[in-house]
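Subject: Structure handover

Hello,

Please find the structure we spoke about below. My notes on it follow.

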Amino acid sequence: MNQVDHYFFNEFKNELSEKSKKTNHINFDSLISEVLLRNNLQRSDLSNLEELHDWFSKVYSQSYIDDILSMYDANEFIIHSPNDIELHQKEKTKLKVEFLCNEDYELSLTFLTRKLNIEWNFSNPFASFKDTRGCVDLRISLTHPCLSPAKQAKLFIRVHSKENFNLSDFSFDANAKALTRDLIKTYKNVVIAGSTGSGKTSFLRVCKSLCDQDEHHVIIEDVAEIDGDISNSTHLLSHQSEGKSLNDYCTYALRMSPKRIFLGEIRSQEIIPFLLAMNTGHKGMMTTIHANSAKDTLLRLTTLFSIFSTSKSGIDFTQILRLICQCVDHVIFIEDKKIKE
């Protein structure tokens, strides 16, 4: 890169950073023209326009995400650094490529979150959100450099299948399918359990599709993964702002006259209002949870309830377990996108 190219690249980069603070819509050609004009240069003075465009696409539009999605058939990607990418296919694969320097990689993640109005900084070092690339829906999670002793940002990508699953995809057992349909028809409270990537959310979507679609459903999630028609569903997405947590929404939902409540996943204090809602007569409630078996699910629910209970005197573990067994009608354990228990 000659001196003019090097100088222009720095000017272009600075202008992009400044402009992105004011707008989420930046055009490459317009930006080039503005920087050229301000520096009294012509396009013919530059020999690196193609490289600049490639850099702009990677930093501002994260084209490297589109590249790996088109090149590799995997359901999960972890970008540990700009030269260290991990793919999760049938077997884990490591790629050693360098698509950006580390500073520009971090800048690209800043642009990604800024364009989606996601807070990602020292005060909010972890972000998780939905993004769409072409016809592919992604769940993206980010860790900020401030969390790492190496000051390294990380990008985690989960690819959501566009495939429309049905109950038969999760089981060939006629009895299991009949029982699942009956649990939904009779408004039983169901917890769907499994490990990461087991198919819990996909199965929850299948269960929702078997419900009466004319009912009023309240859907509570941190990232939009459960479909719902706006005419008969109230969809609430959590946020770090006060009053917008899953816990808050579980409380609000009870005032919305829901026929059913779908909670994307139980992880912390939202377990309290969700289970107490079951205990006060709400039926047909469904959620997912990370667990190792159906039996382990009950112990995990009990442990979470114990940890996040606000009772100063404390509630006996056995009493909580009894409460959960009274409230939860069935646990369905999913493994490798199949009903296991």
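Predicted model: local features only at pLDDT ≥ 70, side-chain atom pairs only at ≥ 80, totals over all residues.

Residues are numbered from 1 along each chain as its sequence is written, and side-chain values use heavy atoms, with hydrogens and water left out.

Salt bridges

A salt bridge here is a side-chain nitrogen of Lys or Arg within 4 Å of a carboxyl oxygen of Asp or Glu. The count by this rule is 19. One of them joins Glu225 to Arg139, with the closest N and O atoms 3.5 Å apart. That pair spans 86 residues, from the loop between strand 8 (217-221) and strand 9 (233-237) to strand 5 (residues 136-143); helices (H or I, at least four residues) and strands (E, at least two) are DSSP runs, numbered from the N terminus. Both Glu225 and Arg139 are buried, where buried means under 20% relative accessible area, exposed over 50%, and partly exposed in between (1.4 Å probe, protein chains only).

Glu265 and Arg267 also form a salt bridge, at 3.3 Å from N to O. Glu265 is buried because its relative accessibility is 15%, whereas Arg267, at 35%, is partly exposed. A network of salt bridges links Arg139, Asp222, Glu225, Glu265 and Arg267.

A buried residue without a salt bridge

Glu270 sits in the loop between strand 10 (260-263) and helix 10 (271-279). Glu270 is buried but has no salt bridge, and the nearest side chain of opposite charge, Arg267, is 5.5 Å away (Lys and Arg count as positive, Asp and Glu as negative; His and the chain ends are not counted). A polar atom of the Glu270 side chain lies 2.9 Å from the backbone nitrogen of Ser268.

Aromatic rings

Rings of Phe, Tyr and Trp (its six-membered ring) pair if their centres lie within 6.5 Å; planes under 30 degrees apart count as stacked, over 60 as edge-to-face and the rest as tilted. The whole structure has 14 aromatic pairs. Phe12 and Trp55 are edge-to-face, because their planes stand at 65°, with the centres 6.2 Å apart. Phe12 belongs to helix 1 and Trp55 to helix 3 (residues 49-61), and both are buried. Ring pairs join Phe8, Phe9, Phe12, Phe28, Trp55, Phe56, Tyr60 and Phe111 into a cluster.

Regards

Notes. Polar contact = N/O pair within 3.5 Å; in protein donor to acceptor, adjacent residues only side chain to side chain.
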